[in-house]
There are 2 protein chains.
Amino acid sequence: MTIRNAFYAQSGGVTAVINASACGVIETARQHRDRMGSVYAGRNGIIGALTEDLIDTGQEFDQAVADLRHTPAGAFGSCRYKLKGFEESKAQYERLIEVFKAHDIGYFFYNGGGDSADTCLKVSQLAEKMGYPLCAIHIPKTVDNDLPITDNCPGFGSVAKYIAVSTREASFDVASMSATSTKIFVIEVMGRHAGWIAAAGGLAADEKRDIPLIILFPEITFDQERFLAAVDEKVKRYGYCSIVVSEGVKGTDGKFLADAGIKDAFGHTQLGGAAPVVAALVKNALGYRYHWAVADYLQRAARHIASKTDVEQAYALGKAAVELALEGRNAVMPTIVRASDSPYQWRIGHANLSEVANVEKKMPREFISSDGFGITDACRAYLQPLIEGEDYPPYKDGLPDYVVLKNASVPRKLTSQFAI
Amino acid sequence: MTIRNAFYAQSGGVTAVINASACGVIETARQHRDRMGSVYAGRNGIIGALTEDLIDTGQEFDQAVADLRHTPAGAFGSCRYKLKGFEESKAQYERLIEVFKAHDIGYFFYNGGGDSADTCLKVSQLAEKMGYPLCAIHIPKTVDNDLPITDNCPGFGSVAKYIAVSTREASFDVASMSATSTKIFVIEVMGRHAGWIAAAGGLAADEKRDIPLIILFPEITFDQERFLAAVDEKVKRYGYCSIVVSEGVKGTDGKFLADAGIKDAFGHTQLGGAAPVVAALVKNALGYRYHWAVADYLQRAARHIASKTDVEQAYALGKAAVELALEGRNAVMPTIVRASDSPYQWRIGHANLSEVANVEKKMPREFISSDGFGITDACRAYLQPLIEGEDYPPYKDGLPDYVVLKNASVPRKLTSQFAI
């Protein structure tokens, strides 16, 4: 069998465990040196391929590669750069094949969300059309958890764990303060289109800890009157209330709450910030003292509290991608297949990219309680296994010892430039 | 020796480790049942004493008390209720003694910051004046780290660890995204008057991880031009920049940045939110894409990433408080005495409350770099040991198994009511 090289790129928003997938790819490739040559990574994602700015992962010691498993964010850099349809982005697709040819890339591993699954499929189709032999494999990754077929998406379980833990901790705090001070705590979480992350806040409460929680999902149109009544009821009963608000919540006017007219000192509308809007609403209507937090990048970068399940699955998917490639599969994505909820049992499967690209997995309505402010038992049964287990990084001087790679460049072979 | 009861109360903003001090108090008292009777806790702090709303900690199993060591926030409730001078708050002070008499309280443990040290001292003085025998011991606690004499204040080390870890993680994230997207990440941290917590953000960078950081301290008047120039220099050199801003930063007009004119949809000025102000400043002047986070309660409640040093010291101070009381000490506060930086060595000492009350420990200017945007080696040497070590709570179902106590009431003995 001919030994051909592999190209790996990270795409879109990074996560606490995308490097664990990279670790799975590189370590598995190193176990198959007789069939897979160098693993080149795109510097800053697919842009690195387009500009022939490749990183030679072969320059990294085994230990550094192993350390990727416990290091958050994108070790090779990521990018937000979407390739569009064949006609519109023809030059980009052709350039990719040109760069792949120059470096004898026979395996293309693209680690990202829905858009990158679509790109991966198109690259595969173009390669076939051009008669260039290429295995194109998509490795799922997105905190949004919106890819179809796979049980869940790596990155999501760790964000879910972070939000569940943080909501529980902050709720203990506000409960302590509520007699004379803060009665309302609002935490804003990611999720423009789907409430998966917000739902994870619901795990903060359980049979032993009866925490009064209100969750605002992007799937449920924000109804100010009903919301305020629900908050007031919780405060009157428990003395306090914790509110988890998704950044994607919209009002009856169809606008994001976060854009509901907050202006900065210069009169510019502030982007982001559903939490202060919600907190101010409660304060003005009910008079309760509040605190609010916006977790933003902290939630998706929080490798220190990553879900063990998530880390294992992210690694397993990277490993499976290489194995699928070595089996000669093309235009597929390895997936997580759930065999049972409790005990949680899962295995690796795979799906054709044609079934993955441009399909968005929404939260089922039956995962949201009938009043629209909480999660159901079915949702809890789905979410709970995904936050199960801790996988602490090693620490040095009181801080996680995250690796910074050398990221040495592969010498360029092409003379042509490509403008991004 | 007569067996007399003890009263314990938590005061002010709670922390990740104030319950570890409570654990130290209760466990040590239980080891001295021959000399110390019941430990009663104030429900919601000193208000519980004033209203004779006492919790019988004797109703809690040993395991539940042990679990306090890993549970954040205030297990008995805290309050923001400041007793003023003798003349102004005479009724309150006399009421405290009345309640203490009714329940044969011979030991008063007050767990809080500067204000509660002052209250503790005044209660001690009044008891003496009234001929009521009482040992009044203050147990230090404050994330603000602003108490004098003690090397540091329990609660601070864990917040410092959380902010250092979170800043490192989010910096890895923005570094990954910076080629095509976010170049600026702003995290807002607590500290209205002192920059101790903001300083901890500086620990995110070290020799192995050259993270471009700018810290905005409340001690340094915010200079917009110099700040923007510094940010631009970092972005041009590194491709991105992380900014740690204290909620207490003020501009040349003496106003908090957080109050710099942000209005909500109703035209009310928003409280809090220095981070969005700073982010918008950068965006408007330099055009860089940004993300911002406000950690708020998450930082001080984050028991999941508590500093082991902090937990040990918090427990040791609770234990020492009981031992000092049993030695017959009065109007004192156990302290942390630093014997050396590296290796960090510390022991328990104590200070007279007359030297503690109404004295605020500021960040020394030599802890802030000459440009005003970073920390010095001296600051690092002070801070680093305080975040050393991890002390993970036990987990169940993927979440920290924090205890909720029974908090059974002590039957009331007084017929008089007291209005708060």
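**Labels and their grounds**

Tutor: Start with a helix pair. Helix α8 (residues 224-238) of chain A packs against α9(A) at an angle of about 75°, and their axes are 11 Å apart. Keep in mind that this is a predicted model.

Student: Why are α8(A) and α9(A) called roughly perpendicular?

Tutor: Set the angle against the range. Roughly perpendicular covers 65 to 115 degrees. The angle here is about 75°. Therefore α8(A) and α9(A) count as roughly perpendicular to each other.

Student: Which residues make the contact?

Tutor: From α8(A) come A:Gln224, A:Leu228, A:Val231 and A:Asp232. From α9(A) come A:Leu281, A:Val282, A:Ala285 and A:Leu286. Sorted by class, the contact of α8(A) with α9(A) has six nonpolar, one polar and one charged residues.

Student: What about chain B? At what angle do helix α8 and helix α9 of chain B pack?

Tutor: At about 75°, with the axes 11 Å apart. That makes α8(B) roughly perpendicular to α9(B). The residues of α8(B) in this contact are B:Gln224, B:Leu228, B:Val231 and B:Asp232. On the side of α9(B) they are B:Leu281, B:Val282, B:Ala285 and B:Leu286. By class, that is six nonpolar, one polar and one charged.

Student: How many residues does the contact take from each chain?

Tutor: Chain A gives 72 residues and chain B gives 73 residues. On the side of chain A that touches chain B, α6 (156-177), α9 (274-286), β9 (290-294), α10 (297-301) and β13 (399-400) each supply at least two residues. The element that gives the most is α6(A), with 13 residues. By class, this side of chain A has 38 nonpolar, 19 polar and 15 charged residues.

Student: Now the single chain. What makes the radius of gyration of chain A agree with a compact globule?

Tutor: Compare two values. For 420 residues, a compact globule would have a radius of gyration near 22 Å. Chain A has 23 Å, which agrees. The C-alpha trace of chain A spans about 70 × 45 × 40 Å along its principal axes. Chain A has 13 helices and 13 strands, and 61% of its 420 residues count as buried. Among contacts in chain A with a separation of 6 or more, 75% join residues 24 or more positions apart.

Student: Why is B:Ser178 called buried?

Tutor: Count its neighbours. The cut-off for buried is 20 or more other C-beta atoms within 10 Å. B:Ser178 has 23 C-beta neighbours inside 10 Å, so B:Ser178 counts as buried.

Student: Where is B:Ser178, and what is it in contact with?

Tutor: B:Ser178 sits in the loop between α6 (156-177) and β6 (184-189) of chain B. Leaving aside neighbours within four places in sequence, B:Ser178 is in contact with B:Lys183, B:Gly239 and B:Tyr240. B:Gly254 is 76 residues from B:Ser178 in sequence and 34 Å from it in space, C-alpha to C-alpha.

Student: Is A:Asn407 buried, exposed or partly exposed, and how do you know?

Tutor: A:Asn407 has 15 other C-beta atoms within 10 Å. A:Asn407 is in the segment after β13 of chain A.

Student: What is the phi of A:Asn407?

Tutor: Phi of A:Asn407 is near 50°, a positive value in a residue other than glycine. In chain B, phi of B:Asn407 is near 50° too. B:Asn407 is partly exposed, with 15 other C-beta atoms within 10 Å.

Student: Which peptide bond of chain A is cis?

Tutor: The bond from A:Ser342 to A:Pro343 is cis, with omega near 5°. A:Pro343 lies in the loop between β10 (332-340) and β11 (345-352) of chain A. In chain B, the bond from B:Ser342 to B:Pro343 is cis, with omega near 5°.

Note on methods: Residues numbered from 1 in each chain as written. Chains lettered and ligands numbered in written order. Predicted model: local features only at pLDDT ≥ 70, side-chain atom pairs only at ≥ 80, totals over all residues. Contact = placed C-beta atoms within 7 Å. Helix = DSSP H or I, 4+ residues; strand = E, 2+ residues; numbered from the N terminus. Nonpolar A, V, L, I, M, F, W, Y, C, P; charged D, E, K, R; others polar. Rg over C-alpha atoms; globule rule 2.2 N^0.38 Å. Buried ≥ 20, exposed ≤ 12 C-beta atoms within 10 Å, placed from the backbone. Axes fitted to C-alpha atoms, helices over the stretch in contact; angles between N-to-C directions. Parallel < 35°, antiparallel > 145°, perpendicular 65-115°, else oblique.
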